[in-house]
Amino acid sequence: MNKFNTSSSNPRMVLTKEITPTTNVMANMKERSDDAILPASLRSDARENERRSSITNLRKDRDAELAALRTSSVSEMQDKVFGSATKSNGPMTPEQHSFSEARSPDDRRSKFSEMREKVARKSDLGSPITLEGFYQSQSARKLRDNKNKEQATQLLQSFKGVKDDKEYRAYIFAVHPDLGIIMLHASKERKRGAEIELPGDYILGDDFKKAAQYCDDDQRKELLAAGKIAAARTLLENIGLDMRHSLSRFQPAILRSNTADAEEHQCQHRKRLYFFISLSNDDYFTRKKLAAAKLERKGYSAPLSDYGRDYLLKLSSEYSGYTYEKDIKVVTNLLSKHSNGASKEALILITKRLKNRDVELKPFLEQLEEENSLNDDVYIDFTTKEEPEEEEEEEEKEEEDIEERVVELTPMKKKGLFSCLSCWGSDDTAEKN
């Protein structure tokens with residue numbers, strides 16, 4: 001029975017259906033009466049059981065598909081990472097399959113476990129696994145490489161007179177006591193380097209080979225002798241002054257105090273060797289000398305300054321001119337860019353040693369020569385070169401070559417028609433005698 005109630009608190013009318021227990025009982029009885037009429041397979045209980053069983057089967061099929069998908073994806077991933085387990089033309093046996101069940105617990109080792117063992121063996125050999133281990137191995141490798149480089153360098157330098165080309169350089173302060181220090185002006189065509197430079201260049205391997213003849217296997221003196229030889233060679237190349245037979249005139253610059261344990265020479269700074277040489281008027285070219293030697297004035301230039309124009313130098317194509325400077329402090333500022341600032345630093349060391357006082361060139365050169373004469377490490381006897389024997393051998397070879405040429409060029413004596421008979425007769429007489 002349906003009853004309608006109206007709520008007095010709400011102005012709107014709300015219709016509700018009141019359900020009593022009798023209605024539920026009547027509905028169930030009606031359903032049961034309907035089920036009694038239907039066959040057993042179409043009743044509500046049978047339909048409910050069939051629904052449950054179908055849901056259960058669907059869940060089982062889904063779980064099986066997910067499990068198969070997981071196994072296939074894992075095997076494919078392992079094949080990509082570790083390679084396929086086996087690649088054979090015929091069907092795979094259980095032993096060949098990496099994921100097949102083993103016949104006994106002792107043989108239960110898959111491809112994945114074997115790869116784990118390989119990774120473990122690699123880690124035992126020292127391959128970096130962690131970040132800390134990686135950095136440690138890199139630092140150890142760097143130290144090992146540096147040690148090998150040092151050993152190779154020591155082995156290379158252990159040979160007599162063997163040095164790397166372009167490792168050391170030699171620069172010269174060419175000083176005229178009255179005019180000053182020669183400062184070379186770089187040409188505009190040269191795109192790199194400083195504008196103001198000193199004469200000098202690299203010490204080459206040939207310079208070391210020549211120096212080895214004077215130093216009796218003393219490698220320390222070999223470097224100094226090679227520096228003087230290179231200084232004389234570059235002085236000739238840069239300004240045309242030939243000092244190759246006056247190597248003792250090159251005075252090593254004293255940049256620091258002498259210590260017995262010092263690895264570098266007193267004149268050495270940043271693998272550059274600095275020398276002073278005092279020039280006289282006779283070392284220069286003059287117009288009278290050029291006229292006496294019948295040489296053209298072209299190629300010989302006077303300084304750009306107003307003084308010293310009677311003395312000429314033969315500059316290389318790298319330089320456009322030269323000037324003289326008497327003040328060492330001014331020279332220091334002019335050479336600020338020469339050889340990456342090494343020449344400026346060398347002059348600063350000289351001025352510090354002289355306690356920053358004004359330096360007059362002539363007494364300075366005299367004092368420098370006196371100090372070097374008292375230093376045995378600097379003295380090198382350049383007169384002990386053993387060239388006479390080589391010269392005698394060369395002369396003997398030349399004489400032999402001349403004799404051979406004379407024999408080849410001597411004309412044969414002309415003989416008559418019966419000269420062959422006379423030759424036979426002379427031979428017979430010689431045999432009888």
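Colleague: Which residues in α9 are buried?

Modeller: A342, S343, A346, L347, I350 and T351. Buried means under 20% relative accessible area, exposed over 50%, and partly exposed in between, with a 1.4 Å probe and protein chains only. Note that this is a predicted model: local features need pLDDT of at least 70, side-chain atom pairs count only at pLDDT 80 or more, and totals for chains, interfaces and linings use all residues. Residues are numbered from 1 along each chain as its sequence is written, and side-chain values use heavy atoms, with hydrogens and water left out.

Colleague: What covers the buried residues of α9?

Modeller: The cover includes β1 (169-176), β6 (268-269), β7 (272-278), α8 (328-334) and α10 (361-373). Those labels are DSSP runs numbered from the N terminus: helices are H or I with at least four residues, strands are E with at least two.

Colleague: Why would spacing matter along a helix?

Modeller: An α-helix has 3.6 residues a turn, so residues three or four places apart point the same way.

Colleague: How far apart are the end C-alpha atoms of α9?

Modeller: They are 17 Å apart. Helix α9 has twelve residues, 342-353, and should span 16 Å at 1.5 Å a residue, which agrees. The expected span is 1.5 Å times one less than the number of residues.

Colleague: What happens just after α9?

Modeller: K355 takes a positive phi of about 60° there.

Colleague: Switching to H269. Where is it?

Modeller: H269 is in strand β6.

Colleague: Buried or exposed?

Modeller: H269 counts as buried, because its relative accessibility is 15%.

Colleague: Which side chain joins that of H269 in a polar contact?

Modeller: The side chain of E345, at 2.7 Å. A polar contact is a pair of N or O atoms within 3.5 Å; within protein, one must be able to donate a hydrogen and the other to accept it, and residues adjacent in sequence count only if both atoms are side-chain atoms.

Colleague: What else is H269 in contact with?

Modeller: Leaving aside neighbours within four places in sequence, H269 is in contact with L255, R256, Y274, A342, E345, A346 and L349. Contact means heavy atoms within 4.5 Å.

Colleague: Now salt bridges. How many in the whole structure?

Modeller: The search finds ten. A salt bridge is a side-chain nitrogen of Lys or Arg within 4 Å of a carboxyl oxygen of Asp or Glu.

Colleague: Which residue does D207 pair with?

Modeller: R233, with the closest N and O atoms 2.9 Å apart. The pair links distant parts of the chain: D207 is in helix α5 (residues 205-215), R233 in helix α6 (residues 219-239), 26 residues apart. D207 is buried, at 2% relative accessible area.

Colleague: And R249?

Modeller: R249 bridges to D283, closest N and O atoms 2.8 Å apart. R249 lies in the loop between α6 and β5 (251-252) and D283 in the loop between β7 and α7 (287-292), so the pair ties together parts 34 residues apart in sequence. R249 is partly exposed, at 27%.

Colleague: Which residue does R353 meet in a salt bridge?

Modeller: E371, at 2.7 Å, N to O. This pair also links distant parts of the chain, with R353 in α9 and E371 in α10, 18 residues apart. R353 is partly exposed at 35%, and E371 is partly exposed at 25%.

Colleague: Which residues form a network of salt bridges?

Modeller: E48, R51 and R52 are linked that way.

Colleague: Last one. How many helices and strands in the protein chain?

Modeller: Twelve helices and eight strands. Buried residues make up 27% of the 433 residues.
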